[in-house]
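These are my notebook entries on a single structure, written down in the order in which I looked things up.

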Amino acid sequence: MIVRSLLLSSVAGVLLASAAAAQTADPRSSLSPGLRDAGQVASGLELEHSLEPAPGFFDPEAIFAPQPRRPQGEAATPAAATAEPPARPRYSPLALANSDMAVSDGRLFVGSFHGFNAYDLKAGAAPELVMSVVCPGGQGDVSVHGDLLFMSVEQNRARLDCGTAEAEGEVNADRFRGIRIFDISDLNAPRQIAAVQTCRGSHTHTQVPHPTDPNVLYLYNSATSGVRKSEELGICSDGQPGENPETALYSIDVIKVPLDAPEQAAIVSRPRIFADRETGAIAGLWRGGAAGIASQRTAQTNHCHDITVYPELNLAAGACSGNGILLDISNPEQPSRISELFDADMAYWHSATFNDAGDRIVFTDEWGGGTSARCRAEDPATWGANLIATVEDRQLKGQSFFKLPASQAASENCVAHNGNLIPVPGRDLMVQAWYQGGVSVMDFTDPARPMEIAYFDRGPLDAERLMVGGAWSAYWFNGRIYASEIARGLDVLKLVPGEHLSAAEIAAAESVRLDTINPQTQTRIVWADSPDVAQAWLDQLMRNRAIEGELASRAQSAIESWRAGQGGDASGVSEALAAAASRATGRDKTRLTELSALFGRRAA
């Protein structure tokens, strides 16, 4: 097992004081609280629209407020013998919380613990609610393929018929935990057409296209909760492998969906992707616990929380509780592990995002489970953060950490969470949700020195009491950033030019359009040749002082001629850039080469 050097763990305490001092100066650290009127601050981002939750998907009583933990050593107050038993809460935790999102055919689908909503997206206008489906069960992550919507369900309360009455008891024939499949061809009459039951429910799922058959779609199901009773689902049994080699732990589910008959979707394999390569032992990766004096308690690797696939590279990155893993998915029914990474600073490997080249992966650590304040000034900068890893010879190598560089209040749940790439050519940029830490844009072009280049944040829901809210996920979808706000609804943000990002880089990113975007299924980004793309490359070279003045002026003139519909000296500029590229190194060599090739195509 590859283990990153524990140097950062050993010095975290020494660096903590200086890091805290820097964080407290950030304007995000002192925003006023409120549900609808909290203070706001932004840099490099602008809030374009903010929508309240859909009707029936919000109740202030449903906002989850975890019970504060007792100080270590303090005994619980004994209940009075005559006290009435506490009343059952009206709502279960996160009962109406917004969750994950997908985009298809100009519509944004937003999952919820209560069901899902769909919004019509029109350029410049606020998203318009066009469909709401009540189907409780949590956590409601969604993905879309054509006229099919897939929804993850993991809670015991969920019913097969989407009913709102809780499925009670240890065994219940009406209970559903797994992946629902809806036909959404008619948004006025969506209908559930299949429901694939799984042993541990479905926390998240990932679409994996068949490599040769367009009529087949696979789903990798990631399940994090307890194993169901075999009396409820016969394929299920619990326990550790030493006692039960058939345990439903230590595997994922591979579900095959025939697209011409989706009602026949079924589990086709439950691969043991954590097995020891030499012995075949099922529990072959991290066993959990603390790894050293300076480390925190880390999760056991017996499931994946998220799996992100990159089908064009036949690779998948798994964030698998106690490890980050790299999978070969050339045979999607039998994915095989080719590398794994452990890090003592990672409490719970939560999600993974490839860069476009596929040679870097951002793994997130959901320290505290998303319902705790983990961005306080006293919290280590390497806990609850992003770990940036490189892929070298198909092996994972940890490089650095990035954490939100602004302290948040003890009443704000905050930790690294879901995001995706912003398609700026020549750079690795990721927009990301941090719950009540807001939305942040990270540049990890240099994997050893990631940095924040933009952000948006609100104050806490409450100044004193921790109430769970904030951005669950923040994704770039066809020119805008959409943030699914757990308690407040839906935010739409746009990038604005500044010190770290030029107008041309933003325009180049906004030019990339996809019909369908499921963030855990990554596809290669393609930019059409345009003056904006050329200007983006040139802006980066000039920002890095990687192009000499005369050549920069020639390239700028050629771009302006292009915008004016004139020929310009595209051929000569292409040759000069190629000569400069032959002397350059690193990412700037790539930028010069790409800009040269672009002008070469322009001249042809």
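I looked up strand 12 (residues 204–209) and found that six bridges join it to strand 13, the two running antiparallel; strands here are DSSP runs of E with at least two residues, helices are runs of H or I with at least four, and both are numbered from the N terminus. I count two strands as paired if DSSP finds at least two bridges between them. The model is a predicted one, in which local features need pLDDT of at least 70 and side-chain atom pairs count only at pLDDT 80 or more, while totals for chains, interfaces and linings use all residues. Residues are numbered from 1 along each chain as its sequence is written, and side-chain values use heavy atoms, with hydrogens and water left out.

I followed Y220 across both pairings: T206 stands opposite Y220, and Y220 in turn stands opposite V254 in strand 14.

Is strand 13 mostly covered or mostly open? I found seven of the seven residues of strand 13 (216–222) buried, where buried means under 20% relative accessible area, exposed over 50% and partly exposed in between, with a 1.4 Å probe and protein chains only. V216, Y218, Y220 and S222 point one way, L217, L219 and N221 point the other way, and all of them are buried.

I then turned to an open sheet of five strands, whose order is 2-29-28-27-26 with antiparallel pairing. Strand 2 (40–43) and strand 26 (419–422) each have a single partner strand, so they stand at the edges with one side left without a neighbour in the sheet. The twist averages 20 degrees from one strand to the next, with axes fitted as lines to C-alpha atoms and angles taken from 0 to 180 degrees between N-to-C directions. Strand 26 pairs with strand 27 (residues 429–433) over four bridges, and I422 has L429 as its bridge partner.

Of the 604 residues, 57% count as buried.
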